[in-house]
Every structure is written in structure tokens, then in C-alpha cells.
Amino acid sequence: MKTRVAIIGGGAAGLMAAIAAAKNDADVCIYEKLNRVGKKILATGNGRCNYTNINTSVNDYHGKNLRFAEEIINSFNVNSTLDFFEDIGIYPRIEENGKVYPYSLQASSVLDNLRYEANRYKIKEMVESKVKSLRKNKGHFDIITDTGVFIADKVIICTGGRAGSQYGCTGDGYGLAESFGHKIINQFPALVQLKLNADYLKKISGVKFDGAVSCFSDSALIRREEGEILFTDYGISGPPVLQISREAIKYLYNKEMIFISIDMFPDFDKNMLYELLSERFIKLKTKTIEESFNGLINKKLIPVILSLALNEYKEEKCTKLNKKDIYSVVNILKEWKIEITGHNDWQQAQTTAGGVCVDDINPKTLESKKEKGLYFAGEVLDVDGDCGGFNLQWAWSSGYIAGYSASDSI
Ligand SMILES: Cc1cc2nc3c(=O)[nH]c(=O)nc-3n(C[C@H](O)[C@H](O)[C@H](O)COP(=O)(O)OP(=O)(O)OC[C@H]3O[C@@H](n4cnc5c(N)ncnc54)[C@H](O)[C@@H]3O)c2cc1C
């Protein structure tokens with residue numbers, strides 16, 4: 001008889017686990033609480049699905065036990081992932097910083113090809129079936145859903161974390177894991193926009209530019225990232241902001257003051273920027289101070305930056321600025337410091353920090369050390385990655401290993 005494998009949650013990890021198990025001759029059923037599988041995949045990478053990163057290493061991950069994560073991402077690694085996806089029809093397009101997208105630049109092609117593969121291996125999908133609890137019953141598991149009770153020999157929990165909760169992940173996996181004695185690490189949103197304490201945000205909302213952001217506690221630098229930055233009416237967003245958010249939120253939760261520092265000219269040091277401005281003011285001597293910045297920085301930012309840097313500047317000509325004034329502007333352009341006061345909620349977050357503690361899980365198989373036949377994969381575990389394709393890589397690596405291991409004969 002084939003091993004009956006139940007996959008709880010039809011997201012990235014669940015689909016990969018299902019395919020790996022079915023390829024290895026298991027009889028597989030996915031239980032998905034939404035009306036179709038893989039909804040979150042469609043939203044990834046702004047609809048383009050950044051499905052892995054050719055530079056993946058353990059340094060791109062966070063969690064309490066990174067040796068566990070390392071073993072898994074080295075086992076079903078980036079090359080295995082690229083091969084797997086190419087075999088099912090996804091030709092890779094490699095973009096900046098090693099990010100990999102489907103050549104079609106459509107997340108839907110990733111989901112379509114995964115579903116095609118799932119159909120080819122006759123994987124059953126029970127949609128609109130929320131798993132409420134799991135019970136070990138003699139040699140098998142009872143899967144208790146809101147549509148009935150089903151039986152499986154092995155169970156893989158792939159319910160995701162709490163991030164992107166509109167796509168079905170609301171932390172259900174933690175209760176299921178706890179019912180078998182697993183320890184759960186507190187969760188908080190990671191890869192999320194930050195709220196700032198500044199009264200001028202409404203005026204500059206929508207402004208985008210390439211720059212660098214750092215987060216600081218007291219004067220200690222915690223993390224610095226470069227990329228496209230976007231001001232919003234509540235604070236700040238963009239890939240480098242998401243990237244530093246995990247560290248910033250840890251400080252917020254410890255009730256420590258934390259600041260973001262924005263560098264609008266990462267390619268210039270302060271003296272180079274001083275020279276650039278001084279020469280510019282001579283060249284543009286007929287213009288007012290405000291007019292002289294038009295063409296250098298976004299127009300909406302000019303009055304805000306000038307009022308932060310200078311006391312009075314209104315209609316004065318730019319040649320009126322002395323050395324001290326120019327350095328004062330340079331300091332804001334290079335180190336615009338604003339207090340971070342919070343973050344957006346689970347709906348806007350891209351991943352979950354914390355989750356099922358991995359100490360009680362075998363890194364070779366992803367089987368629970370607490371309950372034989374029970375496995376875990378994906379974001380439900382206490383492993384989260386940086387922005388850049390690392391979270392989906394985690395879902396594929398852990399999903400594949402869990403699926404393959406669970407399909408071994410009973
Ligand atoms: C907007 C957005 C963009 C992202 N972009 C990227 C990107 O480009 N690259 C990248 O690497 N990562 C990206 N991520 C992160 C990545 O999508 C996730 O880390 C990854 O999808 C996690 O996979 P998973 O299978 O563990 O969980 P999920 O994909 O969250 O899937 C879990 C599934 O389980 C189902 N489920 C939950 N509870 C139950 C239950 N009780 N019964 C039945 N089913 C249940 C859910 O409905 C869901 O379908 C993005 C995330 C978001 C929100």
C-alpha cells in the first residue's frame with residue numbers, strides 16, 4: 001500500500017512537499033483552507049515571483065538555530081531549485097543581486113507549473129478545508145477539518161506563519177504543533193514597512209529615490225542597506241527598509257529608541273557633496289535657495305530638507321549660504337535621522353520571525369522528534385530570510401526534504 005501523506009496548507013512549501021512525496025510514490029492529499037492553493041505565490045515579487053537567489057547562503061537567514069537552516073538549504077540547494085523549476089517549465093531570469101524570477105516575469109507561471117505537476121502526479125486537493133486539529137490514532141493520524149475527518153499515515157504541517165494573513169496564514173500551524181508538545185518561539189512581522197515620528201510625512205508621501213537606509217540605536221549602527229526608498233504618509237517603505245525592519249522591530253519590542261538614518265547620496269562622501277553644492281550655488285547664483293535644489297533632489301523634499309537644515313532661508317539667493325549652512329544641508333542629505341515608532345501589521349509583512357522551534361525537528365528529514373510521522377516545512381518554522389528570494393528558497397528546500405522523507409515507506 002502507498003504511504004498516505006497529508007499536507008496541511010497548499011502554499012509554496014506545501015506544493016513542493018506534495019510534489020516531492022508524490023514523485024516518490026506516496027498517495028498525497030493537500031488540505032487548503034482557502035478556495036484554491038498557492039494564492040500567496042501570485043503576490044510574490046510584486047506579481048513576478050522572485051523564487052530564489054543564486055547567492056543564497058545561511059547569512060541570508062535568521063532564527064534561533066541557523067545550523068538547522070544551513071543543513072536544509074545546502075541539501076536541496078539553489079541549483080536543485082533551479083533544476084527543479086526548469087524541469088517543470090520555469091526558465092530563470094537572473095536580475096540584480098542574484099534575484100531569480102521566471103523569464104516570463106509572471107508569478108502565475110510558477111503557480112501554473114506547480115499545479116500542472118501536482119495534477120500529473122495525481123495529488124488530491126481538498127480546498128476550503130481548514131484543518132482544525134490533528135490526532136495520532138494508533139498507527140495513523142486523524143486530520144480533523146471543518147468538512148470532515150480524514151486519515152493519513154504521515155502529516156506535513158505547511159501552514160505558513162502570520163505574514164500576508166489575507167492569503168490564509170493566520171498562525172494555525174502553531175496550535176497544531178503545540179498539540180504534539182512542540183515549543184513555539186514568539187512571532188513578529190519581518191520584512192515590513194516602518195512607521196516614523198515626523199510631522200512632514202504627508203507632504204512627502206509618494207516620493208521615491210535610490211539611497212541608503214541605516215538603523216541606529218543610540219549611536220550604534222545596526223544595519224545598512226541600499227536601494228529604492230519610498231516615503232509614505234505613515235513612514236517609509238521600499239526594499240532596503242524591509243530589509244532593516246527585522247532588526248529595528250526587535251529594538252522597538254525591547255522598548256529601546258531606534259532611528260532610521262537616510263543617505264540620499266550614497267555615492268558621495270560629505271566633502272564631495274559639499275563641493276558639489278558649493279559649485280552649484282555659484283553656477284546658479286541668480287536662483288533662490290529652494291530653486292537651486294530643483295533638479296538635484298525630488299522637488300517635494302526640498303522645503304522639508306531646507307527647513308530641517310536651516311533656520312531661515314525663504315526667498316534668499318543661494319549664494320547667501322555660508323560654509324556652515326552648506327554643511328548643515330549636507331548633514332541632512334547624508335544622515336537624515338528620524339525616530340522609528342512602529343511597523344505595519346501582518347497583512348503588509350512579507351515574512352514571519354519566530355515560529356515552531358527547530359530544536360525538536362530532525363534537520364535531515366524535517367520529522368518531529370516529538371511525534372513520529374509528523375513533519376514541518378516552510379515559514380511555520382522559526383527560520384526567516386531576507387528580501388531577495390530567500391524565503392521562497394526556504395519553502396522549496398524544506399518542502400522538498402519533508403515531502404521526500406515523509407514518502408518513505410511506513
Ligand atoms: C506580498 C508578499 C510578497 C512576497 N514576495 C516574495 C518573493 O518575491 N520572494 C520570496 O522569496 N519570498 C516572498 N515572500 C515570502 C514568501 O511568499 C513566503 O515566505 C512563502 O510563501 C512561505 O511559504 P509557506 O508555504 O510556508 O506558507 P504560505 O505560502 O503562507 O502558505 C501557507 C498555506 O497554508 C494554508 N493554511 C494555513 N492554515 C491552514 C489550515 N488550518 N488548514 C488548511 N490550510 C491552511 C494557507 O491558506 C496558505 O495557503 C512574499 C510574501 C508576501 C506576503
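In this predicted model, strand β15 and strand β16 (residues 235-237) pair in the antiparallel sense through 2 bridges. The two strands form a hairpin with 3 residues between them. Within this pairing, F231 stands opposite I236 of β16.

Strand β14 (residues 208-217) and strand β15 (residues 220-231) run antiparallel and are joined by 10 bridges.

The discussion now turns to the ligand. Its surroundings comprise 32 residues, of which the closest are E32, K40, G45, E379 and L392. By residue class, this shell divides into 13 nonpolar, 13 polar and 6 charged members.

Several contacts can be described at the level of atoms. An N or O atom in the side chain of K40 lies 2.8 Å from an oxygen atom of the ligand. The backbone contributes as well: a backbone N or O atom of A12 is 3.1 Å from a ligand oxygen atom, and a backbone N or O atom of V131 is 3.0 Å from a ligand nitrogen atom. Taken alone, the ligand exposes 1,000 Å², and the protein buries 94% of that area. The elements that supply two or more residues to the shell are α1 (12-23), α2 (39-43) and α13 (390-406). Of these elements, α13 gives the most, with 4 residues.

The cysteines remain to be considered. A disulfide is a covalent bond between the sulfur atoms of two cysteines. A search of the whole structure returns 0 disulfides. For C29, the reason is distance: the closest cysteine sulfur, in C158, is 13 Å from the sulfur of C29, which is too far for a bond, given that a disulfide requires two cysteine sulfur atoms within 2.5 Å. C158 is likewise in no disulfide, and the cysteine sulfur nearest to C158, that of C169, is 12 Å away.

Are C29 and C158 buried or exposed? C29 counts as buried because its relative accessibility is 10%, and the cut-off for burial is under 20%. C158 also counts as buried, at 6% relative accessibility.

Notes. Residues numbered from 1 in each chain as written. Predicted model: local features only at pLDDT ≥ 70, side-chain atom pairs only at ≥ 80, totals over all residues. Heavy atoms only, no water. Buried < 20%, exposed > 50% of the residue type's maximum accessible area, 1.4 Å probe, protein only. Near = heavy atom within 4 Å. Polar contact = N/O pair within 3.5 Å; in protein donor to acceptor, adjacent residues only side chain to side chain. Areas by Shrake-Rupley, 256 points an atom, 1.4 Å probe, with all protein chains shown as cover. Nonpolar A, V, L, I, M, F, W, Y, C, P; charged D, E, K, R; others polar. Pairing = 2+ DSSP bridges.
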